[in-house]
Amino acid sequence: MNRTSQAGVSRRNFLGLAGLSVTAVAMGASLAGCGSSGSGSGGGAAASADVKLPTYKEFTGITAEFAGNAKGLQAGFLKMPSPVQTVKAPPLKGTVTGLTETFETMSPAMADNPFWQRLNAKLGGTLDLQIAEDVGDGYPAKFATILASDTLPDMMWVPPNQGIPNIGPMLEAKFQDLTKYLSGDAVLEYPNLAALKPDSWKTAVVNGKIWGAPIPSTPFGQVMAGNKSTWAQVGGLTASTADEFFQKAKELTRPNEGKYALEPAYINMLHMITEWLGAPNGWAVNKDRTLTNRYETPQYEAGLEYAAKLFAAGCFYPDANATDISNRIVNGSVAAQVIVGPHNIARYRNLDKNAQTEILIPFGFDGKTKPTYDMGYGTVGFTPFKKTDEGKIRELLALINYLSAPFGSVEYLQKNYGELGKDFTLDPNGNPVMTESGQTDIPGLASALNIMSSPENVIFNPAFPDDTKYIYQQEQKLLEFAWRNPTNGTYSDTNSKVGSKITKIITDKTIDIITGRAKVSDFKDALKRWKDGGGDKIREEYQKALPSDVPVFGA
Amino acid sequence: MISTTSEERQAPSRPYCVASRPPGKPLGARKARKSAAGRQSLRVRWKRDRQMLLMMVPGLVFLLLFFYIPILGNVIAFQDYQPFLGILNSDWVGLQNFVDLYFDPDFWVALRNTLVLALWQLVLFFPVPLGLALIVDSLMSTKIRRWFQSIVYLPHFLSWVLVIALFQQVLGGAGLVNNELRQLGLGAIPFMTNPDTFPLLATVQLVWKDAGWAMIIFLASLASIDGSLYEAAATDGAGRWRRMWHITLPGLRSIIVLLLILRIGDILSVGFEQFLLQHDAVGPGASEVLDTFTYFAGVVGGGWSMGAAAGLAKGVVGAILIFAANKVAHRMGEPGIFSKKVG
């Protein structure tokens, strides 16, 4: 495949990857709520619900072929629009340091990287980044070390759903409260930040204060994807009942030919199944405004039973550690995989440009139940600043404003592709193609910049306009069943402290049950341990912080 | 005049003892002689040993920096440690982390698994390198010997990720063996996913990976057995087996005991990556060991203090076991890892 589309989708691709690695270990409740915390007194979380979010002012410089909407539908572009200038003056005066992470191969260092140097020239100063790589304990370990060392850079990417605990007290202790500069109309001074949606901003509010600009990713959550030609053998990746799906999965499982129906990501597959059963996204808001966790619903137990049935029928690929499932989807040896967001089918095009894939739209488990579709967290966190003076704060905000420039702007092009003729050229359709040096210099750095600052995402597959259309249509279908986690943007101290630990009790037991090492009836013990270990306390804290505009589940 | 040091440099093989010191430096020497039977003064000993002492400095600094100073970090086991507050500002909680640990059923599962795996390793793994060493030692052709050694060493240099992947390719549900079984119309056997047989699988993996490497120490001490003993025994009509029983094995006894003690002290460290990688395949009920428990509680779960508490508990048990095993070795008349002061 040509380089254009690969580069064009890489941003969404790595976000998808980041999202997937998180969801694989901590889905459901912790997916949305994972991370941050209120103040020690517990009153901070409630305050978060009250802060005045930055005024939303859409970027109108370009028009998408397919329009997005406030419900989460992403704008779609069939080709690169001619770029519009969004920032007048270079944002920097001197050197700014930052900590971030890359999901691509590391780019050459600043001294040997003309793309980086040219970006610095446009920024009017020096953007000196410490870039962690996505290996080993990864970013949270690096983050914790730098935090403990007490020599903080000017800004640090904070991913609340990557297991950085106790975010509330940490922010208060070390970082700058930006509410005054961003709340309400104050944000209009930074138009690219004003173009970030209120749903995104919610995730940057902790203790009733805004700590940085959010970093939007896809608002869509997990979907099941499969190869069209594989599923064509059984009438397509669709079903009207769970029994029908079971039959199809069984038919596609042929161990003698080395073929299996499902990726062995048991937790993710179970997530798909509980959607068919109509389970809530993390928490259900009851009529009396109390919360019920997805784990406590009868749907979860029913899902366990069904997933165990699929396992017993041999439908899951037998190597739980397999890392090449995307390849197997392409070559047909595994039929279905769970990915983050429909736009992520682009990953299969990266492996094989002829790979035609489709996604499953949730259906009623028994043909009658109304299924649910779980939207994602919507951002990958925010980037707070070290405590500093007003002049520096303004400089840093101007920088983030530049780096959050929307798709279709001059700044977006500079950040993701560099300079025309040097870092990239244009193909006959007017889409950017990285030059040879661009391919070395750009991806690692662009990935690091995009994970700490980003505009709202769009659907853009320059080489495959049909994919863009398909994704746009599927997003509309998913939105019909869509639910957001009601705790999004609120924080529970207990969850940030013990959330991942008690979630592990649940996921361990869940996997034991699905793989036949434990019985469905054993789940009650795990659930009790979850409740006693902090689950009930988390519920209480979320209930206290629950915003009044969150709808009752099922209503 | 040639100083003592330079003279010693010229004759490095000269043993370090006062008697051999040339009479050029009378002061220290006389003092030393005065304190005849007692200890020599610090200054004399410094003069005598300074080269040795200086050579030890890098090693000591290394140990200090990377082993002894980090030991101080164990205080977080008694704190509610938060990385952003640091050790100085985190709250003290006393023994609360150990109490939590005691009431955490997962900790006991991890401890049980660790002990079970350790026992399997002790019984099945420990004798293998010795056997391999004896085989290699008995090979006459140097060429075959080298080949054999290289082949059994090699897996040691593969990471656990590769080893598990190889086992998966051969024994996994979609692996070579099970595919053959299916072709023959027999059912697949869940070698890699059966929690009941996991200790056996884990030990086999360990043997495959590390037995060749562990053999090196035995080979080295085999080489140090006096060859004339064998000749004498052969002259007296001792056959191959008698020679092994009466010469080889007694010759290796000290090293066997030493390695056994070290292994026992280390018995709670059965491995980490191997079990982390197979965590989901067989479930934590069979594969959670103390090290993975520490990892999940501390690094993944953010409970650094509880993780440190588990690590500390493990270290204390390990130390007790080492002392106990060493004591037993002394009773058996072996030097062990350290001896009591003689005389």
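Predicted model: local features only at pLDDT ≥ 70, side-chain atom pairs only at ≥ 80, totals over all residues.
The secondary structure of chain B consists of 18 helices and two strands. When contacts in chain B between residues at least 6 apart in sequence are considered, 60% of them join residues at least 24 apart.

One pair of helices in chain B was examined in detail. Helix α12 (residues 227-235) of chain B and helix α13 (residues 240-265) of chain B have axes that come within 10 Å and cross at roughly 145 degrees. The crossing of α12(B) with α13(B) is right-handed. On the side of α12(B), the contact involves B:L229, B:Y230 and B:A233, which meet B:R243, B:H246 and B:I247 in α13(B). By residue class, this contact of α12(B) with α13(B) comprises four nonpolar residues, one polar residue and one charged residue.

In chain A, four strands form an open sheet with mixed pairing, arranged in the order β9-β12-β8-β13. From one strand to the next, the twist averages 30 degrees. Within the sheet, strand β8 (residues 222-227) of chain A pairs with strand β12 (residues 334-340) of chain A in the antiparallel sense, over five bridges. In one of the pairings with β12(A), A:G226 has A:A336 as its bridge partner.

Methods. Residues numbered from 1 in each chain as written. Chains lettered and ligands numbered in written order. Axes fitted to C-alpha atoms, helices over the stretch in contact; angles between N-to-C directions. Left-handed = near helix turned anticlockwise from the far one by under 90°. Contact = placed C-beta atoms within 7 Å. Nonpolar A, V, L, I, M, F, W, Y, C, P; charged D, E, K, R; others polar. Pairing = 2+ DSSP bridges.
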